[in-house]
Amino acid sequence: MDHNAYIPKLAKLIDIKKEVGGARPIKSFRTEFLNKNDFSFRCGQCAMLSVFGKGESMISISSSPLMKDYLQFSILKMGRVTTSLHDMQIGDIIGVRGPYGNGFPIEDWRGKNLIFIGGGIGLAPIWSVLQTALGKKEDYRDLMLIYGARTSKDLVFREELEELRKNMTVHLSVDVEEPEWEEFVGFVPQNVTDKKPSPENAITVTCGPPIMIKFVIKALEELGFKDEQIYTTVENKMKCGIGKCGRCNIGVHYVCKDGPVYSWAELKKLPQEY
Ligand SMILES: Cc1cc2nc3c(=O)[nH]c(=O)nc-3n(C[C@H](O)[C@H](O)[C@H](O)COP(=O)(O)OP(=O)(O)OC[C@H]3O[C@@H](n4cnc5c(N)ncnc54)[C@H](O)[C@@H]3O)c2cc1C
Ligand code: FES
């Protein structure tokens, strides 16, 4: 091995966008490698971001592999590392190691209808695969996004979502009623039941809080989706990212290597350690 897998590559923050404010703020960061490194990745893969002197966090790459100019990460402020990232400015340098994980088998989905179902920051891993499918629209059939958050202010990629409506079906929701809100009110799984996407020739990708995923899968099953048609991501806590430390295990699986993407058919065979 000519490269130590633990040594991050240096990247500059070239754009920082506030997505969500309030008590659970989210920002999107665009990064550019200092030495123009050729960092190729698949949709659904992640990278370990380091803030020097603070630590590392595993974050999904939210940009599409078709976008060669930058990598984008959309990050919820949680603790030590993510707070430090939120405090950074354009021009600051972070470390990036990866990419890690398996990614979505998007090549196998050619000719199918794709239904993306997200909640809150869960749109970040979906965004990469959604943008890739849009960029290769001729390879896929109908594209649909069902996305929700607690309030309209908690929806990420607001401007991009409006733009998205020109190219695909978008159904948004908020958990509780708001004066100006004209779309669905209720939880994301209820919106799935309401919009009734057809399981025929379809693949669905769902990411979000574990409780949302659980009920989205139940709603999809009731609509006739088979386990093999449902994909999700598992975000067990991670340390090394390369299958060495055992922090992320589900049974014999290292989520950092064998996941984080699983079909429901695969995931339901594993112990419920996620
Ligand atoms: C595969 C994968 C992909 C991820 N993608 C994203 C992403 O795209 N955007 C994003 O904002 N976050 C993502 N995360 C979660 C992110 O890694 C954690 O929020 C981050 O590491 C927290 O680090 P911290 O130092 O800020 O917080 P810490 O100080 O380490 O912890 C603060 C709080 O967050 C909790 N926490 C830490 N890690 C996790 C986790 N994995 N799951 C649930 N709770 C956790 C801790 O228990 C603690 O309560 C992902 C995690 C994984 C494993
Ligand atoms: S994070 Fe170390 S084995 Fe997966």
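Analyst: Asn-236 sits in the loop between strand S12 (230-233) and strand S13 (249-250). Helices (H or I, at least four residues) and strands (E, at least two) are DSSP runs, numbered from the N terminus. This is a predicted model, in which local features need pLDDT of at least 70, side-chain atom pairs count only at pLDDT 80 or more, and totals for chains, interfaces and linings use all residues. Residues are numbered from 1 along each chain as its sequence is written, chains are lettered from A and ligands numbered from 1 in the order in which they are written, and side-chain values use heavy atoms, with hydrogens and water left out.

Is Asn-236 buried or exposed? Asn-236 is buried, at a relative accessible area of 15%. Buried means under 20% relative accessible area, exposed over 50%, and partly exposed in between (1.4 Å probe, protein chains only). A polar atom of the Asn-236 side chain lies 3.3 Å from the backbone oxygen of Cys-248. That falls under polar contacts: pairs of N or O atoms within 3.5 Å; within protein, one must be able to donate a hydrogen and the other to accept it, and residues adjacent in sequence count only if both atoms are side-chain atoms. Leaving out residues up to four places away in sequence, Asn-236 touches Cys-248, Asn-249, Ile-250, Val-255, Glu-273 and Tyr-274. Touching, or contact, means heavy atoms within 4.5 Å.

Next comes the ligand. Lys-237 is among the residues that come nearest to ligand 1, with Ser-57, Met-58, Leu-76 and Thr-82. The shell holds 19 residues, a residue being near if one of its heavy atoms lies within 4 Å. A polar side-chain atom of Lys-237 is 2.6 Å from an oxygen atom of ligand 1. Met-58 uses its backbone: a polar atom there lies 2.6 Å from an oxygen atom of the ligand. At Ser-74, a backbone N or O atom is 2.9 Å from a nitrogen atom of ligand 1. Alone, ligand 1 exposes 880 Å², and the protein buries 71% of that. Strand S4 (55-60), strand S5 (71-76) and helix H1 (80-87) each supply at least two shell residues. S4 gives the largest share, four residues.

Phe-52 lies between strand S3 (46-51) and S4. Phe-52 is partly exposed, with a relative accessible area of 47%. Beyond residues up to four places away in sequence, Phe-52 touches Pro-8, Leu-10, Ile-93, Ile-94 and Gly-95.

Helix H4 (residues 188-195) is next. Val-188, Pro-189, Asn-191 and Val-192 are buried there. Seen down the axis of H4, the buried residues fall within an arc of 160°, so they line one face of the helix. The arc is that of the directions from the helix axis to the C-beta atoms. These buried residues pack against strands S7 (113-119), S8 (143-149), S9 (169-174) and S10 (184-185), and against helix H5 (210-222).

Just after H4, Lys-196 takes a positive phi of about 50°. Lys-196 is exposed, at 55% relative accessible area. Phe-157 also has a positive phi, near 55°. Phe-157 is in the loop between S8 and helix H3 (158-164). At 0% relative accessibility, Phe-157 counts as buried.

Last, the cis peptide bonds. One joins Gly-98 and Pro-99, with omega about 0°. Another joins Gly-259 and Pro-260, with omega about 5°.

Note on methods:
Areas by Shrake-Rupley, 256 points an atom, 1.4 Å probe, with all protein chains shown as cover.
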